[in-house]
Amino acid sequence: MALLQSIKKSKVSLFTIAAYLLTLVISQEKFGQALKGTTHYLREMLVVMPVIFMLTVLIEVWVSKDVILKNLGEKSGLKGFGFSVLLGSLSAGPIYAAFPIVKMLLSKGAGVANIVVILSTWAVIKVPMLANEAKFLGPRFMAIRWVLTVLATYLMGYFMAMFVKKEEIVGTSNPETEGLTIIDDYCVGCGVCVRMLPEVYELNNRKAQIKVSDLTTVDMSKVMQTIEKCPTKAITLRGTTVSSS
Amino acid sequence: MDIVTRVLWGVSVPLMAYSFFKKRGLTKEAMGKAKGMMQGMLLDIIAIIFLIGLGLSIITPNEIAGLLSSVDAVTGTFIAALAGCVTLIPAFVAFPLVGSLLDGGAHLVPSVAFLTTLTMVGIKTFPLEIKEFGLKFTLLRSLFSILAALVIAFIMGGFI
């Protein structure tokens with residue numbers, strides 16, 4: 001079982017190794033070319049990866065998402081649009097990491113247009129990725145695409161709000177789970193909860209899991225801190241058995 | 001190192017030093033978080049880079065560019081946009097790939113369409129999005145994203 005899981009997790013790597021072995025058997029020349037091309041790519045990626053890392057860290061430290069979220073609320077029009085673009089482009093993580101945050105905003109009164117803008121900008125114009133784009137495709141290319149994309153998301157939000165009413169946005173997922181849970185789909189395996197509370201959380205196959213069944217001995221204020229720090233809001237705490245003492 | 005990379009380093013290193021000096025605790029915490037996130041993807045990213053290297057040695061960028069320009073521009077762009085919807089590579093790796101396709105002589109318009117749909121529409125996150133926002137929202141958002149990608153691409157074609 002554990003073996004099966006680890007095979008599933010590293011299927012891309014295994015497939016790549018198999019493809020390379022096959023190429024080696026068929027044509028040594030192609031194999032050499034592939035390695036040479038890859039080395040070139042890897043070197044280019046390696047010089048830009050630390051930059052992406054540093055920008056991600058800097059945004060996390062210096063941009064207060066709470067301020068943006070508070071300002072977003074029910075605001076519509078240009079101001080709401082501006083904050084939506086800010087939130088989308090300054091957040092880290094893949095697009096699905098935006099889902100729980102966006103759902104929370106919906107319940108707090110944000111409109112359909114803003115939701116669409118957040119999701120789209122989150123996907124396409126993240127600041128660290130803009131640095132990456134500027135490196136490989138040129139600053140001019142990046143800047144023009146950025147401007148056009150921002151304009152496009154505004155129009156998308158406008159039209160989506162015409163076609164989809166807010167009441168129609170009802171997902172089927174409403175996990176009425178008791179106690180402390182981690183939504184697997186949203187965990188990006190950053191491990192921040194494990195570092196904060198190793199006696200409650202553990203990392204398994206790049207996903208955080210809860211390893212204790214009894215929460216009575218755990219400092220709940222620390223648990224609340226991990227819920228807050230989780231970048232994708234994947235940790236939830238529900239139920240009557242736990243009080244936030 | 002090219003000029004853009006140098007500028008990026010030149011901007012982020014001093015800022016990082018300042019951040020470390022001013023808010024040491026928060027910076028360290030954010031570093032741990034970002035490191036965890038990147039580590040989770042690193043193996044797959046490296047594997048995909050190796051795959052792209054292999055793919056481009058079998059079909060060279062010039063040949064791909066040739067294939068793309070054998071159909072007319074509109075059809076090519078449409079195909080590229082759809083390809084972006086179903087391709088499962090991180091945007092991170094897509095930029096150097098598109099860069100070498102452009103160097104190989106591929107047209108700009110389909111390349112831009114591919115880049116935009118690659119990140120905005122994902123069949124991998126489709127089920128999750130339906131689960132959270134419903135089918136209508138998800139379908140319409142994807143449709144509008146494809147349209148937006150096409151429009152952005154064609155306008156960019158006029159600019160550059």
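In the predicted model, chain A comprises 11 helices and four strands. The C-alpha trace of this chain extends over about 65 × 50 × 35 Å along its principal axes. Of the 245 residues in chain A, 38% are buried. Contacts within the chain were also considered by sequence separation: among those between residues at least 6 apart, 69% connect residues at least 24 apart.

Within chain A, the axes of helices α8(A) and α9(A) approach to within 6 Å and cross at roughly 135 degrees. Because angles over 145 degrees count as roughly antiparallel and 65 to 115 as roughly perpendicular, the two helices α8(A) and α9(A) are classed as oblique to each other. On the α8(A) side the contact involves L130(A), E133(A), A134(A) and L137(A), while α9(A) contributes P139(A), F141(A), M142(A) and W146(A). By class, seven of these residues are nonpolar, none is polar and one is charged.

Helix α9 of chain A (residues 139-163) also packs against helix α8 of chain B (residues 135-159), at an angle of about 145 degrees and with the axes 9 Å apart. The crossing of α9(A) with α8(B) is right-handed. From α9(A), the contact draws on I144(A), R145(A), L148(A), T149(A), A152(A), M156(A), F159(A), M160(A) and F163(A). Their counterparts in α8(B) are L140(B), R141(B), F144(B), A148(B), V151(B), I152(B), I155(B), M156(B) and F159(B). The residues of this contact comprise 15 nonpolar, one polar and two charged.

Across the interface as a whole, 74 residues of chain A contact 64 residues of chain B. At least two residues each are supplied to the chain A side by α2 (11-26), α3, α6 (98-107), α7 (112-124), α8 (127-137), α9 and α10 (192-196). Helix α3(A) provides the largest share of this side, with 21 residues. In terms of class, the chain A side divides into 46 nonpolar, 17 polar and 11 charged residues.

In soluble globular proteins, nonpolar side chains tend to be buried together. The largest nonpolar core in the model holds 102 residues, and the members touching the most others are A98(A), L119(A), A113(B) and A149(B). The greatest contribution to this core comes from helix α3 of chain A (residues 28-62), with 11 residues. With residues up to four places away in sequence left out, the contacts of A113(B) are T77(B), A80(B), A81(B), G84(B), A149(B), L150(B) and A153(B).

Terms used:
Residues are numbered from 1 along each chain as its sequence is written. Chains are lettered from A and ligands numbered from 1 in the order in which they are written. This is a predicted model: local features need pLDDT of at least 70, side-chain atom pairs count only at pLDDT 80 or more; totals for chains, interfaces and linings use all residues. Axes are lines fitted to C-alpha atoms, for helices over the stretch in contact, and angles run from 0 to 180 degrees between N-to-C directions. A crossing is left-handed if the near helix is turned anticlockwise from the far one by less than a right angle, and right-handed if clockwise. Two residues are in contact if their C-beta atoms, placed from the backbone, lie within 7 Å. Ala, Val, Leu, Ile, Met, Phe, Trp, Tyr, Cys and Pro count as nonpolar, Asp, Glu, Lys and Arg as charged, and the others, Gly among them, as polar. A residue is buried if 20 or more other C-beta atoms lie within 10 Å of its own, exposed if 12 or fewer, and partly exposed in between; C-beta atoms are placed from the backbone. A nonpolar core is a set of buried Ala, Val, Leu, Ile, Met, Phe, Trp, Tyr and Cys residues joined through C-beta atoms within 7 Å. Angles under 35 degrees count as roughly parallel, over 145 as roughly antiparallel, 65 to 115 as roughly perpendicular and the rest as oblique.
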